[in-house]
Amino acid sequence: MLIGRIKENFPSHMFIGEESVAVGEKCDLTNDPTWIVDPVDGTMNFVHSFPHSCIALAVLYHKDVHIGIIYNPILEQMYTAKCNQGAFLNDKPIRVSEETDLSKSLVIAEFGTNRDTQKMESVLKNVSALMNKVHGLRAMGSAALNMASVAAGGADSYFEFGIHVWDIAAGALIIKEAGGVCLDTEGPLDLMSRRMICASSEKLALQIIPLLDQLKLERD
Ligand code: IPD
């Protein structure tokens with residue numbers, strides 16, 4: 001529905017959508033104006049009526065995110081950002097926390113939904129590597145809302161191996177506009193690399209990265 005309505009107004013634009021890729025469409029990020037759509041992020045939560053799922057939408061041009069929107073329709077929370085114009089929750093400005101000390105940080109270490117043995121072992125390694133080094137660990141089941149929580153200062157960092165471009169594109173801009181950082185665990189952010197860490201500061205992200213198991217995954 002979203003893609004159909006947007007196409008009526010922007011017929012030449014490109015689209016990448018979780019559901020479109022699931023039915024065989026290409027996941028090809030070009031320099032063209034591209035809308036990246038995840039109609040339900042946090043699907044498992046949605047199925048269980050756990051009110052932590054959302055719609056995530058990003059608009060990219062030359063592979064840079066220019067607009068990011070994450071909307072939780074259950075709690076009526078709308079996170080938005082436009083490039084160089086700040087980040088907002090329901091039109092009120094948001095900002096990342098000022099925490100830079102790992103031992104005082106609330107870190108989101110998402111489990112993911114893949115039950116592949118290597119992936120599960122990697123998740124458990126990361127949880128056990130971090131557990132006694134952070135103030136608290138969380139996993140709430142929506143990559144986009146996890147990023148929104150870091151942007152709004154409710155959590156200090158979130159990382160995951162196995163996410164897709166539609167899970168993180170909108171959040172990447174919202175985090176940046178809220179004053180935080182979003183990185184690949186091996187360098188600058190790469191939206192297609194299937195791994196990402198975001199944090200209130202680069203200083204905090206760089207304390208977490210060396211503790212993580214660098215799971216190798218096929219790119220989007
Ligand atoms: C998933 C959620 C989950 C994350 C997975 C994602 P989906 O997205 O964001 O929190 O751990 O990696 O795939 O499948 O509910 O859109």
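1. On one side of helix H4, the exposed residues (12 or fewer other C-beta atoms, placed from the backbone, within 10 Å of their own) are Thr-117, Glu-121, Leu-124, Ser-128 and Met-131. The model is predicted, with local features requiring pLDDT of at least 70 and side-chain atom pairs pLDDT 80 or more, while totals for chains, interfaces and linings use all residues. Residues are numbered from 1 along each chain as its sequence is written.

2. Helices here are DSSP runs of H or I with at least four residues, and strands are runs of E with at least two.

3. Ser-122, Val-123 and Asn-126 are the buried residues of H4 (20 or more other C-beta atoms within 10 Å). They lie on the same side of H4 because they cover an arc of only 100° around the axis. An α-helix has 3.6 residues a turn, so residues three or four places apart point the same way.

4. The cover over these buried residues includes strands S8 (106-109) and S10 (157-161). H4 lies across S8, S9 and S10, and runs at about 170° to S8.

5. The open sheet is formed by six strands of mixed pairing, in the order S9-S8-S10-S13-S11-S12; pairing requires at least two DSSP bridges. S9 (136-138) and S12 (187-188) are the edge strands, each pairing on one side only.

6. S8 and S9 run parallel and are joined by three bridges. Val-107 stands opposite Leu-137 in S9.

Conventions. Arc of directions from axis to C-beta. Contact = placed C-beta atoms within 7 Å. Axes fitted to C-alpha atoms, helices over the stretch in contact; angles between N-to-C directions.
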